[in-house]
Structures are given as C-alpha cells and as structure tokens.
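The following explanation is meant to be read with the sequence and the structure side by side. Please take a moment to look over both before continuing.

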Amino acid sequence: MTPAEMHALVERLYPICRSITGDGVRRTLEIVGELLPLTVTEVPTGTEVLDWTVPKEWNIRDAYVKDPSGRRVVDFRASSLHVVGYSVPVSGTFTLEELRPRLHTLPDQPSLVPYRTSYYAETWGFCLSQDTLDALDEGPYEVLVDSTLADGSLTIAEHVVPGELPEEVVVSCHVCHPALANDNLAGIAVAVALASRLVAPRHTYRFLFMPGTIGAITWLALNRDRVHRIRHGLTLACAGDPGSLTYKRSRRGDAEIDRAVTHVLRGRPHTVLDFSPYGYDERQFCSPGFNLPFGSLTRTPYAGYPEYHTSADNPGFVTPEAMSDTLEALWQITRVLEGDRGYVNLSPYGEPQLGRRGLYGSLGGRSDTKQGQMAMLWVLNLSDGEHSLLDIAERSGLPFEAVESAAKALRTAGLVKEKT
Amino acid sequence: MTPAEMHALVERLYPICRSITGDGVRRTLEIVGELLPLTVTEVPTGTEVLDWTVPKEWNIRDAYVKDPSGRRVVDFRASSLHVVGYSVPVSGTFTLEELRPRLHTLPDQPSLVPYRTSYYAETWGFCLSQDTLDALDEGPYEVLVDSTLADGSLTIAEHVVPGELPEEVVVSCHVCHPALANDNLAGIAVAVALASRLVAPRHTYRFLFMPGTIGAITWLALNRDRVHRIRHGLTLACAGDPGSLTYKRSRRGDAEIDRAVTHVLRGRPHTVLDFSPYGYDERQFCSPGFNLPFGSLTRTPYAGYPEYHTSADNPGFVTPEAMSDTLEALWQITRVLEGDRGYVNLSPYGEPQLGRRGLYGSLGGRSDTKQGQMAMLWVLNLSDGEHSLLDIAERSGLPFEAVESAAKALRTAGLVKEKT
Amino acid sequence: MTPAEMHALVERLYPICRSITGDGVRRTLEIVGELLPLTVTEVPTGTEVLDWTVPKEWNIRDAYVKDPSGRRVVDFRASSLHVVGYSVPVSGTFTLEELRPRLHTLPDQPSLVPYRTSYYAETWGFCLSQDTLDALDEGPYEVLVDSTLADGSLTIAEHVVPGELPEEVVVSCHVCHPALANDNLAGIAVAVALASRLVAPRHTYRFLFMPGTIGAITWLALNRDRVHRIRHGLTLACAGDPGSLTYKRSRRGDAEIDRAVTHVLRGRPHTVLDFSPYGYDERQFCSPGFNLPFGSLTRTPYAGYPEYHTSADNPGFVTPEAMSDTLEALWQITRVLEGDRGYVNLSPYGEPQLGRRGLYGSLGGRSDTKQGQMAMLWVLNLSDGEHSLLDIAERSGLPFEAVESAAKALRTAGLVKEKT
C-alpha cells in the first residue's frame with residue numbers, strides 16, 4: 001500500500017458518520033474489508049461485558065437547524081460532527097435561547113466545529129462554530145434529529161495474520177470517531193498497510209478494529225481466556241499528523257514492546273512517555289486485571305494538537321509522508337519483535353578467531369573498525385544465555401538489524417547457536 | 001496556635017540559659033507544659049545509657065569579666081551565650097594574656113558572639129565578639145563563673161497524642177541550646193503548634209523535647225524495647241529562618257517518611273539531602289543498631305547560615321511566616337502519613353463504567369479531563385494490592401489529597417476496598 | 001623508579017622491532033627483566049590455545065625499497081613501522097604501479113607512517129608517509145624483506161609479587177607493538193614502576209607482559225584452572241600521553257575494581273566508559289566464559305588521538321609527568337584494593353561516646369567539623385556488616401584513605417572489629 005493509497009483510504013472513510021455502534025462503523029469495516037479479510041462480530045445490545053453493558057445501537061439519517069428562511073444553518077449532511085453523537089430523535093421549533101444549552105462551540109477556536117458525544121446519557125445537541133453561532137438571530141429555528149436509538153448490536157472486526165507461533169502481536173485501532181482524519185482514520189489506514197505487508201511472520205499478528213472503550217471492553221470480555229497469548233500489543237492512533245512519533249509505555253514500563261519501540265525510535269525525532277491510564281484503548285488492555293504489555297503509538301498524542309477533536313482534523317491535516325513514516329517505524333518494530341531471540345556463544349573462552357573464518361579483516365592496526373565487526377564482538381561477548389539480541393542492541397548502541405545480521409553470520413560459522 | 005503565638009513563644013524562651021542539664025531546661029519545659037501536657041522524666045547523674053553516662057547537672061547563676069573600673073565587659077546577664085556551656089566555677093583576677101586561651105570569638109564575624117560548650121571536659125571560658133576583645137586592654141580583670149556542676153539529673157519530656165494505632169510518628173526537638181532562636185526555639189514552637197492541631201489521629205504521635213545527643217541517647221536507652229513501634233520519625237530544627245525547607249533523608253533513604261516528605265515538598269522551593277551521620281538527633285535514631293526511619297526537617301540546615309551558633313541567631317532572625325510555612329508543610333506530611341494506605345480495585349478487568357455511577361462527566365470528546373477524573377483512573381489502575389496511595393501520587397504526579405479523595409469516592413461507589 | 005627513568009625505559013625499548021612473536025619481544029623482555037625478575041614462557045608454534053593456534057614465529061633483519069639510484073626510499077632500519085608486521089620474505093624489482101597495493105599510507109595525515117600488520121594472512125607490504133609516496137617516480141625499485149616466518153615459539157613473561165593472600169590483582173600489558181611509544185611502551189614502563197613499588201602486599205600481584213590477543217589467549221589457555229584466583233584485573237595501555245585518564249569498566253560493570261578505580265579517579269580530570277568488547281586484552285579476560293573483573297586503564301583511549309598507530313606515537317609524545325600521573329593513580333587504586341574490607345560496629349545502638357576515647361574534639365558548637373571526625377561517624381554508621389570501607393567512601397564522598405584511617409582509629413579504640 002503506497003502512502004498515496006493510505007491517504008486515499010482516509011479520504012474515502014472521512015464522510016461516513018461513525019459512532020460506537022451503527023451502520024457507520026459497519027460501512028467503515030466493509031471498506032477496510034475490501035483491503036483485508038475481516039472477521040466481523042456483532043454483539044447484541046444488552047450483553048454484559050465486564051463492568052459494562054453493550055448499549056443501544058444508534059443510527060442517524062439527517063439532522064439540521066433551519067432558520068426561518070429554510071436555510072440549514074447547522075447541517076449534518078455537511079459534516080457528521082455537527083450532531084452530538086448518540087443524539088436522540090427530536091423534531092420541533094425552538095428559539096435560539098431555547099437551543100443555546102444544546103449548541104456546542106469552541107469559543108477559543110471560533111471557526112472550528114467541535115466533536116462531542118453523549119453515549120450514556122440520553123440527550124441531543126448540535127456542534128457548530130462559534131462564528132456560526134454568533135451570526136444567528138433569535139429564530140425561531142426548525143430542528144430535526146432523524147435518528148434511532150434502539151436495540152441492535154455493537155460491531156467489532158479482526159484481521160489475523162497467522163504465524164509460526166501462537167503468541168500474538170496485537171495492533172488495535174478505534175473506529176468510532178466520525179469526521180476526524182488523524183483520530184483515527186490515519187491509524188486505520190496505517191494498520192491496514194502494515195497488515196498487508198506481513199508475510200508468514202513468526203508471531204501471529206492480530207489487528208483489531210473496534211469502537212473505543214466499549215469495543216475494547218467487549219473484545220476483552222469475549223476473549224478473556226485467550227489474552228494470555230498476547231505477547232506484545234500496541235494501540236495505534238493519530239498516525240498521520242505532521243508531528244514526530246510519540247510512544248507511551250505500557251503499564252509494566254519495561255515490557256519487550258516498550259524496549260523494542262524505544263530502540264526503533266532512538267534514531268528518529270520522537271518522544272517517549274510513561275504510562276498513564278488515559279488516552280486510547282491501552283487503558284483497557286493495561287487495566288490491572290489484564291495488565292497486558294500494551295503501549296500506544298501515535299504521532300502527536302491525543303489533545304496535543306489544536307486540531308484535536310475539531311473539524312480541522314480533516315484529510316488535509318494528515319499527510320501521506322507522515323503516515324508512511326509511522327508505517328516504517330511500525331515495520332521496524334515488527335522486525336525487532338520478529339527477530340529478537342537469544343543465542344549462546346559456543347566458544348565463550350576468549351574471542352574465537354574470526355579471521356580464519358573470514359569474519360574479520362586480515363589487515364591489523366587500522367582504527368576504523370566497522371559496525372559489522374563490532375556487532376559480532378558484542379554478540380559473542382553477551383551471548384551467555386542471559387541476553388537477547390535486543391538486549392545486545394540496547395547495550396551496544398548498535399542498530400538491531402546490525403546485531404541480528406552479526407548473529408546470523410556467527411550462527412552460520414558455527415560460533416553461536418539459538419538458545420532453546 | 002497562630003504564627004504570632006509561635007513567635008511569642010520563641011521570644012519568651014530566648015532569655016533562659018539552657019544546657020544539656022539543669023534548671024534552664026526545666027524552666028523551658030515548664031513553659032512548653034503550659035501549652036501541652038508533658039510527661040517529664042528526670043534521669044540521675046551517673047545512669048548508664050547505651051555507651052554513655054548521664055553527666056553531672058550544671059547550673060549557673062552569674063558570670064562576668066569585669067575591667068579594673070568594675071564594668072562587666074563580658075556579662076552572662078546580657079546573654080547566656082557569653083559563658084562556655086558547662087563552665088566550672090571560677091573566681092579570680094587575670095590579665096588579658098592569661099585570659100586569652102579562654103576567650104572565644106569569631107574573627108571573621110567580629111561583631112558576633114559565638115556559642116561554645118564543653119560538656120565532657122571540665123574547663124571554663126567566655127564567648128565574646130572579636131570587636132569587644134580587640135577593645136580590651138591588658139587588665140587585670142576580675143573573673144567570676146558562679147556555677148555548680150554536681151550530681152543531679154537530666155530532664156526529658158514527652159507529649160503523646162494517642163491514635164487509633166499503637167504505631168507511632170515521632171517528632172523530636174532538641175532543647176539544650178541557650179540563646180539561639182532558630183536553633184532550636186523555632187523548632188520547639190512549631191512542634192508545639194503541630195501537636196496542638198492533631199485531633200484523634202490514626203497513628204499515635206509522640207513529641208520529644210530533649211537535650212541533643214545525650215538526651216536522645218538517654219531516651220533510646222529507656223525505650224529500647226519500644227522503638228519498634230516507631231513507624232515514622234522526624235527531627236525538627238532550624239524551623240524559622242527565612243530560607244526554604246530542607247529535608248535530609250533517613251539512613252534507609254527510601255522509608256515512607258522520606259517519600260511522604262519529598263512528595264509534600266515537591267510543590268515548594270526546597271532541598272532534599274541524602275542521609276549523613278551528622279546534624280541533629282537523627283544521628284542517634286539512625287545509628288545502625290536502631291536504624292529507625294527518621295529524617296530531619298529544617299529550613300536552612302545546620303551550619304548553612306552565617307547566623308548559625310552565633311548571637312545573630314536571635315528572635316529577629318526567625319519570622320512568624322517562616323515558622324508558619326514549616327508548620328503547614330509538617331501538617332501536610334502528617335496528612336500523607338495519616339491517609340496513606342492501599343486499596344484493591346474490585347473491578348480490575350477493564351475500566352469500570354464510572355459514568356453510570358455519576359463519577360465521570362457524561363459529555364464525551366472534551367480534552368480538558370479534570371484532575372479528579374485522572375486521580376480516579378490512576379487509583380483504579382494501580383490499586384492492585386501492590387501500590388499505596390502515596391505510590392500512586394508519586395507515579396501519577398498528582399497531589400496526595402487528590403488521590404486520597406478519588407480513593408474515597410471510589411470506595412463509596414463500591415469500586416475499591418481498603419487493603420487489609 | 002623516577003618519572004625520568006620511566007621515560008628512559010620507553011626510549012630504550014623504542015627502536016626494537018616487536019611483533020607478536022620473535023626476537024624483538026624477547027629482547028624487550030630481557031630489558032624489562034633487568035628491572036624486575038620475570039618468568040618467561042615459550043609456547044611452541046602450533047600449540048592449540050582456546051580457539052586459536054600459536055602462529056609461526058616471525059623475525060626480520062632488514063627491509064627496504066630502493067630507488068634506481070640505490071637510495072633506500074623506505075627503510076626498515078629507520079623505523080620498524082616501515083614494514084607490515086609478519087611480512088613474508090621477498091626480494092625483487094617492482095615498478096611503482098606493481099608496488100602500490102602493498103604500500104600503506106595515511107592520506108589524511110600525509111607526513112606520518114602508519115602501523116599495519118598481517119599476522120594471519122601471509123603477505124608482505126610497506127608503510128610510508130603519503131608525502132614520501134607522492135615523491136616517488138615510476139621506478140623500478142629494488143625491494144627486499146629479509147624476514148623469516150617459521151616454527152618457533154610465542155613468548156610471554158610474568159612478574160609476581162607474592163602477598164598474604166592467594167587472591168590476585170593482575171596488571172596486563174601488551175608488548176607486541178613495534179615503534180609506538182604510548183601504545184604500549186609507556187604502559188610497560190608504568191607497570192614496571194608499579195611492580196617495583198609494591199612491598200609485602202596483602203593480595204598477590206601478577207604483572208603480565210604478553211603480545212596482544214594471541215598472548216592473552218595463550219596465557220588464559222595455560223592458566224584456565226587458576227583464573228578463579230583473580231580478584232581484580234586491569235589492562236594498562238596508552239599510559240603516557242598528555243590526555244587525562246580514562247577507565248573502561250569491566251564487563252560486569254560494578255566489580256570492585258570498577259568501583260575502586262572510579263573512586264580514585266573522582267578527584268582528577270577523567271573519563272569513565274562502559275565496557276565494550278573492543279580495545280586491549282580486557283576483550284579476552286572479559287569474554288563470557290571467563291567474565292573476569294578486568295577493567296582497562298589508559299590515558300586517551302585507543303584510536304582517540306591522532307598519533308595513534310602512527311609514527312607520531314614516538315617518545316616525544318609521552319611525557320614523564322603523564323606516566324607519573326598514571327602511576328600515582330594506579331598506586332592509589334592498589335591502596336583501595338589493599339585496604340578495602342568490612343568492619344562491624346561493636347557499639348551500634350546510638351553513637352558511642354567518641355570524646356571520652358579522645359576521638360572527638362571536646363569544644364562543642366563549632367561548625368567546622370573535620371573530615372576525620374566525619375569519617376569516624378560514617379564508619380560507625382555504616383559498619384553494619386553490609387558495607388565495606390569502599391562502600392562507605394562512595395556513600396560519604398570522603399577519600400578512601402580518610403575512611404580507612406578512621407576505621408583503624410576506631411578499631412584501636414575497640415569500637416569496631418574487622419568483619420570475618
């Protein structure tokens with residue numbers, strides 16, 4: 001999948017009105033399903049999932065605020081952001097004064113429309129720019145929310161790339177946000193691209209496309225007996241903005257995923273944050289009962305950019321280059337997770353004579369020892385049964401791939417064997 | 001006790017000539033006893049206490065150096081600093097040359113009178129300013145030290161605030177210094193104010209008013225079998241100078257008292273020092289046989305200000321504001337010690353649904369998550385039986401009181417229970 | 001041995017053509033043997049040593065490149081650097097074009113002659129300055145390498161200073177480099193000076209003078225069953241350049257040698273590096289099978305100065321002052337290794353009364369507590385059976401010798417005893 005194709009996917013998904021349930025999510029998953037085979041699960045309203053209950057399903061066909069001339073001054077058809085998510089149906093006439101408590105704006109960003117939801121308190125409302133609001137007169141206004149909130153189901157989807165091992169690497173994306181491009185259509189697009197690139201991996205890779213919070217909770221409830229298979233996990237979001245990459249550590253803080261991501265990011269502008277129990281679905285995966293090794297990879301993190309949760313988070317805000325950069329970092333991370341293992345030096349007393357095996361330059365005295373030779377010396381020195389290749393990369397400061405190549409060369413020469 | 005009342009206590013105690021034994025200490029404890037009920041213990045001269053022996057009791061009525069005109073050029077009545085502590089009696093006539101080895105000055109601070117003692121070597125001497133010394137002619141001088149050094153007793157006093165638990169928080173002040181206001185009349189005044197404020201605490205609080213070194217050693221000798229009850233301890237000194245607060249860690253370095261004080265000081269200008277075996281009576285409490293969790297709280301630490309152990313450490317050097325600041329920090333420290341405990345998340349798989357319990361705002365999408373909600377998420381995430389509220393405050397960076405309030409709200413909602 | 005004598009030794013050894021075998025090493029060890037009794041071991045060509053085999057012995061009598069006029073444009077007699085180490089014999093006439101692949105220069109340092117070897121690939125070549133090369137015309141040139149490469153032996157030498165304990169401190173120097181003064185004639189000279197200064201030490205001291213890599217591997221092969229006696233080890237090299245001292249930690253990273261050297265260097269300009277498996281013979285001693293506590297002491301480390309492995313590393317580059325500074329640091333390191341031990345406080349409850357034992361000034365109140373008194377308080381406080389004198393020096397920030405003196409004074413006073 002090219003960077004342009006990832007961006008095209010963002011643009012294609014952008015107009016769909018998504019929420020935590022309903023046809024918007026289903027339509028989104030259909031489009032993803034054109035690119036990746038998905039297993040879709042529908043979980044009925046009322047199902048008890050951990051401490052929660054699957055809510056009613058919400059669908060919406062239209063919504064507007066019309067001025068006396070019949071003009072739609074707030075129009076759902078222009079952007080799904082204009083209606084508060086999970087708004088209950090309404091049809092009537094209101095003065096501006098009556099409407100005001102139901103109109104959400106961003107006074108500090110007067111030209112932008114905010115994103116607001118009310119999943120668990122039945123109400124209705126509209127989002128609009130402060131500029132639009134300021135231009136409204138007293139009305140009266142004709143108001144319509146043509147929605148349904150009724151028993152139905154919550155939709156989650158999975159794509160699995162089977163590996164040699166049953167142990168899984170999980171990448172999770174939330175799919176519940178309406179017209180917001182970075183949060184999280186870019187994450188979805190990068191996840192699709194990553195999944196497409198994986199061929200016959202060692203670990204099994206599981207990609208989860210689910211509504212935030214309730215989706216993750218539902219998936220965890222359904223898979224409670226299988227989560228011990230998860231060896232490494234990442235939530236992926238905000239994958240396309242122009243900022244540099246940010247990694248938030250797992251609750252454990254020193255899980256292998258934490259170390260692998262940190263190692264890969266070392267060579268790029270980046271930020272590493274300690275775990276905190278807010279953000280994306282790592283909140284659920286890292287709840288103390290599960291305590292899974294899940295970190296979170298974003299570019300600029302949630303609430304860290306002015307476009308966050310506003311109409312400015314549109315396809316123009318995310319770039320093919322940024323999505324490609326996220327993808328390449330993710331790919332490198334999978335290279336570390338796939339390649340990391342321990343070796344045992346079979347000639348641990350003194351250095352083995354690399355020269356006679358063709359692994360060392362024959363001309364002595366030069367001071368420009370090469371990375372490849374240093375990597376071999378490090379692998380030999382630390383392959384004592386206690387250190388993995390990632391440990392060696394971290395301690396030596398060498399790139400993981402150099403260490404891995406050295407280990408392979410030494411294995412070919414019979415100097416190390418894989419630790420069993 | 002108001003800041004002004006603390007300062008008035010310093011002024012009232014200042015003129016009394018204190019030493020490690022004698023009526024000055026007794027008079028000081030009588031005045032403290034007007035404010036707090038005290039249990040006073042008299043330990044006879046010659047009692048063996050750990051490696052030491054309670055010394056003879058020293059009392060003094062008058063001391064002077066009179067010039068040939070009969071003028072008191074050095075006068076104990078003007079300041080108790082003028083006589084070397086524990087000076088033996090003397091009466092006679094001396095030339096300046098003969099007197100010189102017994103006259104202590106501060107050549108680098110020529111207008112100030114130093115503080116000197118000789119508890120364990122029988123001698124006598126005077127302290128005076130270098131300026132005064134420089135103005136003296138050859139004499140001869142009439143010299144009097146009207147003191148007694150005789151069998152008697154050493155006086156220590158305790159005030160106990162009984163708590164729910166037998167485990168104790170100990171605050172220890174030295175009461176042996178003569179006319180020195182910051183070291184340690186301000187400490188005494190702040191300790192009295194703190195004791196007055198404690199009502200029905202969880203821990204039992206014990207305030208010790210004792211001579212430095214020999215007093216602490218005597219108390220430890222008498223209480224050797226009971227020191228295991230001490231859960232947290234602080235020596236309190238230099239509590240009223242204009243500098244910022246300084247905490248010196250216990251010998252253990254990571255005791256709960258160390259973490260509680262460090263947490264409270266985080267939000268203020270302050271210094272944290274590692275333990276060293278010099279300073280105040282933490283030297284004794286932290287000796288390796290006892291190794292109690294005792295830190296030391298001061299403002300500017302001993303020997304860290306030019307007024308230290310000189311006549312410039314007078315009531316004008318300590319301020320009501322500084323004493324009040326010390327008191328409030330101490331109060332916050334007791335709030336942490338009182339409130340710290342572990343909780344267990346009863347809904348540890350995924351986040352519990354806070355919204356339906358009224359613990360979470362219903363309108364989603366906003367980026368200004370409040371401290372109270374973050375505190376609840378942190379308490380839920382870390383209440384796994386391994387972390388106390390102070391652990392959670394430290395890891396989250398939130399104030400202890402926010403974490404404690406969140407825990408109480410979650411307990412009320414039945415989401416956590418106190419760890420037993 | 002005075003600094004001037006150390007420098008004279010460097011000058012005397014400089015002209016000898018050393019390599020990993022041959023008469024140059026033997027002559028070098030004869031000269032060292034005039035200063036220190038040495039046990040010399042000859043290990044025959046073909047002996048299997050760990051993963052290696054002792055190579056053929058190389059000796060050389062003359063080598064040159066003569067121009068058509070008969071002038072030696074490259075002349076072994078001028079410097080042993082001019083011939084690639086282990087060059088096989090050759091005699092013939094070559095054009096410049098034919099010779100070029102065998103002529104090694106340093107284009108970035110055009111006036112200097114590089115150091116090159118080819119121990120394990122049979123070839124021949126010359127080293128010369130780029131300036132010399134640039135001045136050569138097409139030739140033809142008469143070329144001679146009058147060398148022999150034949151069965152013989154590898155030479156290693158040891159000097160042992162017996163101590164009270166069988167446990168050893170090992171100092172290892174490589175003796176295989178030809179005309180290079182800092183690398184490693186200065187190291188040899190400093191080692192000789194250190195050995196000369198040791199009298200009846202507690203540990204047994206072993207000085208190893210061996211060719212790099214193959215020498216260390218041979219010694220380790222011969223002493224495999226005895227290396228467990230090595231308690232502390234250092235490779236010593238580059239001991240005379242004007243840079244400050246550099247210590248590279250052992251593979252263990254926190255061995256006592258690491259802590260002792262770091263403690264001694266604290267008071268000097270210096271650098272501490274983490275272990276890496278490149279450098280000098282610590283590579284062999286720290287291979288994972290042996291994992292000995294060997295660090296590496298140098299001034300500017302290998303490849304860290306422009307003179308490294310060039311003709312500019314001549315006796316003018318090393319100074320008596322620098323060698324003396326290295327020696328004194330080494331001496332202090334031995335003082336720590338010799339003196340470090342644990343004591344047990346026999347009066348651990350409270351401070352013992354130092355004053356009545358004459359260990360503490362009798363005049364109280366002064367703020368200039370002396371280092372000696374602080375050292376006594378620290379030794380008493382930390383002599384709990386868990387801390388050695390070096391631990392105490394590290395934690396207190398006091399010099400080791402102050403801590404050691406305090407411990408001796410306390411032992412004399414019966415307050416501490418040596419831990420058994």
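The paragraphs below turn to the relation between chains, then to two interfaces, and then to some individual parts.

The model shown here is predicted. Chain B can be superposed on chain C by a rotation of 120° with 0.1 Å of shift along its axis, and the RMSD is 0.1 Å. The two copies are thus related as by a three-fold rotation axis. In chain B, the C-alpha nearest this axis belongs to Asp254(B) and lies 13 Å from it.

Consider next where chain B meets chain C. The size of an interface is often given as the accessible area lost when the parts come together. Between chain B and chain C, the buried area is about 2400 Å², with carbon and sulfur atoms giving 50% of it. In terms of residues, 28 from chain B are in contact with 26 from chain C. The interface of these chains contains 4 salt bridges. In one salt bridge there, the side chain of Asp384(C) meets that of Arg251(B), at 2.9 Å from N to O. Across the interface of chain B and chain C there are also 14 residue pairs in polar contact. On the side of chain B that touches chain C, strand E3 (52-53) and helix H8 (282-285) of chain B each supply at least two residues. By class, that side of chain B has 14 nonpolar, 9 polar and 5 charged residues.

Arg251(C) forms a salt bridge with Asp384(A), and their closest N and O atoms are 2.9 Å apart. Polar contacts across the interface of chain A and chain C join 14 residue pairs. Helix H10 (residues 371-382) of chain A gives the most to the side of chain A that touches chain C, namely 6 residues. That side of chain A divides into 10 nonpolar, 10 polar and 6 charged residues.

Attention now moves to a helix of chain B. Why is helix H11 (residues 389-396) of chain B described as largely enclosed by the rest of the structure? The reason is that 6 of its 8 residues are buried. These buried residues of H11(B) are Leu389(B), Leu390(B), Asp391(B), Ile392(B), Ala393(B) and Ser396(B). Among the elements of chain B that cover them are helix H7 (256-265), helix H9 (320-339) and strand E18 (384-388). After H11(B) comes Gly397(B), whose phi is positive, near 75°.

Two single residues complete the account. Cys127(B) is placed in strand E8 (residues 126-127) of chain B. Cys127(B) is buried, because its relative accessible area is 0%, and a residue counts as buried under 20%. Beyond residues up to four places away in sequence, Cys127(B) touches several others, including Val74(B), Leu81(B), His104(B) and Arg116(B). In chain C, His7(C) belongs to helix H1 (residues 3-13). His7(C) is also buried, with a relative accessible area of 12%. The side chain of His7(C) reaches the backbone oxygen of Val318(C) at 3.0 Å. Among the residues that His7(C) touches are Pro315(C), Thr319(C) and Met323(C).

How values were computed:
Residues numbered from 1 in each chain as written. Chains lettered and ligands numbered in written order. Predicted model: local features only at pLDDT ≥ 70, side-chain atom pairs only at ≥ 80, totals over all residues. Heavy atoms only, no water. Helix = DSSP H or I, 4+ residues; strand = E, 2+ residues; numbered from the N terminus. Buried < 20%, exposed > 50% of the residue type's maximum accessible area, 1.4 Å probe, protein only. Polar contact = N/O pair within 3.5 Å; in protein donor to acceptor, adjacent residues only side chain to side chain. Contact = heavy atoms within 4.5 Å. Buried area = accessible area lost by both parts, 1.4 Å probe. Nonpolar A, V, L, I, M, F, W, Y, C, P; charged D, E, K, R; others polar. Least-squares fit on C-alpha atoms with pLDDT ≥ 70 in both.
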